[in-house]
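Here is a friendly walk through one chain and its ligand. Have a look at the model below, and then we can go through it together.

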Amino acid sequence: MIQGWIQYYGRFYKRQLKSYPGLLDRLPFKLSPKYSGVVIMMFLDPENPIATCESDSCDDCAINNDLHCHFSLKDWIYFLFIAFPPFLLGGAGIYYMNSWLLIPWIIFVVAFFGLIEIRVMCSHCPHYAESLTSLKCWANYGSLKLWKYRPGPMSIIEKTIFFAGFAIVWGYPLTFLILSKQIFLLLVYSITTVGFFMTLIYFMCSQCMNFACPLNQVDEKVRNQFFDKNHIIAEAWGKCGNSAPN
Ligand code: SF4
Ligand code: SF4
């Protein structure tokens with residue numbers, strides 16, 4: 001049934017692809033023609049600027065390589081690859097103590113990333129301004145856009161909720177691993193969690209277009225260049241874009 005579903009949508013999206021000549025060649029990997037259309041349409045068209053951007057084209061954009069305005073399957077897989085190990089290891093530690101205690105953690109993780117984090121952090125992201133019903137980015141792919149887009153910085157309350165949620169998501173399993181003295185699992189969990197945040201901050205937050213996020217590492221020069229092309233966002237940040245968009 002799943003195979004049939006993929007083939008049906010593959011044929012549908014391959015027809016749509018005729019509107020995007022050359023797009024397949026830009027993929028960083030080669031796919032079977034049966035699935036390539038599906039994969040491309042899962043993300044924004046990299047040929048076109050994002051909804052908030054006033055440029056006519058991303059070609060020759062000076063910050064195209066410094067900021068991640070578009071996402072791909074490769075970005076998504078990369079994120080899942082670094083994010084999932086702590087969840088699997090932490091879940092195993094909780095399960096070892098009492099499998100029922102997994103339930104509140106799973107409910108909180110789903111509610112936090114599906115509802116709360118989306119409201120306090122993602123609703124400030126330029127990607128949230130796209131006219132899509134769900135997010136098509138690397139970290140929260142598929143989450144429904146239930147809130148309205150709020151360009152501009154996060155408030156102190158939003159940042160507090162953001163960090164408190166992180167503390168619960170990653171701190172809950174840590175507590176069980178310490179209390180049950182699962183030393184090996186505790187060590188691997190700690191290494192993968194620290195590795196996740198270091199990789200996230202150095203390789204992803206350094207290129208993320210959501211300047212409102214407290215983890216964002218994009219420097220001032222690139223931010224100002226982005227503001228020059230995204231005046232709605234510049235105004236929300238109290239900045240004035242001085243140069244004309246390319
Ligand atoms: S700032 Fe605009 S033109 Fe530049 S890469 Fe992002 S969407 Fe494209
Ligand atoms: S902040 Fe990150 S996870 Fe949230 S919408 Fe923007 S790119 Fe996606």
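A helix crossing is called left-handed if the near helix is turned anticlockwise from the far one by less than a right angle. With that in mind, helix 3 passes helix 6 in a left-handed crossing. Please remember that this is a predicted model.

**The overall fold**

The chain has eight helices and zero strands, so its elements read α-α-α-α-α-α-α-α from the N terminus on. Of its 246 residues, 23% are buried.

**Helix 3 and helix 6**

How do these two helices lie relative to each other? Helix 3 spans residues 73-97 and helix 6 spans residues 183-204; they pack at an angle of about 155°, with their axes 8 Å apart. Angles over 145 degrees count as roughly antiparallel, and helix 3 and helix 6 are therefore roughly antiparallel to each other.

On the helix 3 side, the residues that meet helix 6 include Pro85, Pro86, Leu89 and Gly90. Their partners in helix 6 include Tyr189, Thr192, Thr193 and Phe196.

**The ligand site**

Which residues surround ligand 1? The shell holds Pro49, Ile50, Cys53, Ser55, Cys58, Cys61, Ile63, Asn64, Leu67, Cys69, Phe226 and Lys229.

Here are the residue classes at the two sites:

| Site | Nonpolar | Polar | Charged |
|---|---|---|---|
| Contact of helix 3 with helix 6 | eleven residues | five residues | no residues |
| Shell around ligand 1 | nine residues | two residues | one residue |

Technical notes
Residues numbered from 1 in each chain as written. Chains lettered and ligands numbered in written order. Predicted model: local features only at pLDDT ≥ 70, side-chain atom pairs only at ≥ 80, totals over all residues. Near = placed C-beta within 6 Å. Nonpolar A, V, L, I, M, F, W, Y, C, P; charged D, E, K, R; others polar. Axes fitted to C-alpha atoms, helices over the stretch in contact; angles between N-to-C directions. Helix = DSSP H or I, 4+ residues; strand = E, 2+ residues; numbered from the N terminus. Parallel < 35°, antiparallel > 145°, perpendicular 65-115°, else oblique. Contact = placed C-beta atoms within 7 Å. Buried ≥ 20, exposed ≤ 12 C-beta atoms within 10 Å, placed from the backbone.
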